[in-house]
Amino acid sequence: MQIGVYGSGYLGTVISACLADFGTPVSCCHPDRTRMVEMAQGNIPFFEKNLKEIFRRNVRAGRLSYSTDIETFARRTGVIFLAEDNADNLSDIALRIIRLAPKPPILTIVTPVSVGTANALEKTISDAGLQATIVSQPMFFTDGCAVEDFNWPDRLILGSASNEAVQVLKQIFHPLVMRGVPVIVTNQATAELVREAATAFVATKISFINEVATLCERVNADAVHLALALGLDKKIAPRCLQPGAGMGGVFAETDMDSLSSLAESHSVPLKVLSAARQVNHSLAERLVEKVTAALNSVENKELGILGLAFKPNTNSVAGSSSVRLAETLISRGAHVRAYDPVAIPEAKTHLNGAVRYCDSAYAVAEGSDALIVGTGWPEFRALDFDRIKQLLKKPLIVDTKNLLDSTRLRALGFEYVGIGRI
């Protein structure tokens, strides 16, 4: 079976490469000719852990092809994943594909959409005198872990009343189904709501542990140990229960905005979600307060930030607490320099040249009044901290991700400030 993926952004690239890695021929289509040529040559426009290797392997094997010819694309593919990163032209794209297809296709919506989109699309198709089967299939990718999330998902969600479409999709995802990944078949609205509700729940969980981390500092408790104890409760689980983490990523704010709008339109107050979002957005202010307390003032201070991506193993800075921290420090009169292994080009589009970008962690530390860990890149654990100490004006480290060994650093003579830690 020839599978089609429409879209060349984050979602389309991950899905097409990982589906091809199942051994299935995948054709990817998008009108951006420059992007298609680049991808056909094995180049992708963003960083995602392990994706480039999978992508290039399947291009070389001939299982993954790229084209701007939507007519040929529609003729050759019976199952098409609509995987643009936004839903702006979803209806127009679907109608064009259906008109060009030799028989009614199965269109699977992976693009993040608001609740009711699939139903509205079905009506649009019917009003145009056309036929197609629409499936809502949200996929849950975390930046930096997208390949792992695709291959080891917690569940597959298929929103469709068509048993035939469900069976076809189960066959496509046969390697996962045979591995025992649960498949939840439901209606389209439920499938659409799962994504937004999951994002909101994670935001609430992250915000809770960040609020409790503040309490830990006041009562001489350790938020890292507390989070471990809570996470070992099978009702809670450890993922996303890490003090200092922020809720970010390409689609997180969109999901929460959409869910909030949906609830408001039906006069349903989501007070917990509103509070969680407020806590998440105030994280940068709290971090600035910690830096200010350690230095008495950040005005005219040279501050170095390690990491700008919203989490490790991705170049995405969408919703990054580190970027918000940099912006807030600058607004308070600080001079900020920063290093990130892959996210500097992306960060430049958000920080408008207000930050001095460095090519290494050591360049960031040189002459800085404090070193701030903004992203939990594992490589920062392996830095030569004896050298870092010599480079800093003051041996002060503010670890906003509780990444480093506080006992070791204090033994080396550093003043170490963590989140919710004693």
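Asp 255 and Arg 195 form a salt bridge, with their closest N and O atoms 3.1 Å apart (a salt bridge is a side-chain nitrogen of Lys or Arg within 4 Å of a carboxyl oxygen of Asp or Glu). This pair ties together distant parts of the chain: Asp 255 sits in helix H12 and Arg 195 in helix H10, 60 residues apart. Helices here are DSSP runs (H or I, at least four residues), strands likewise (E, at least two), numbered from the N terminus.

A quick word on the model: it's predicted, so local features need pLDDT of at least 70 and side-chain atom pairs count only at pLDDT 80 or more, while totals for chains, interfaces and linings use all residues. Residues are numbered from 1 along each chain as its sequence is written, and side-chain values use heavy atoms, leaving out hydrogens and water.

The structure holds 11 salt bridges, including these. Buried means under 20% relative accessible area, exposed over 50%, and partly exposed in between (1.4 Å probe, protein chains only).

| Salt bridge | N to O distance | Relative accessible area |
|---|---|---|
| Arg 57 and Asp 21 | 3.0 Å | Arg 57 36%, Asp 21 31% |
| Asp 127 and Lys 123 | 3.0 Å | Asp 127 58%, Lys 123 54% |
| Asp 255 and Arg 195 | 3.1 Å | Asp 255 5%, Arg 195 9% |

Now for helix H13 (residues 271-281), where Leu 273, Ala 276, Arg 277, Val 279 and Asn 280 are buried. Down the axis of H13 these residues fall within an arc of 160 degrees, so they line one face of the helix (the arc is that of the directions from the helix axis to the C-beta atoms). The face turned away from that buried side carries the exposed Lys 271 and Gln 278.
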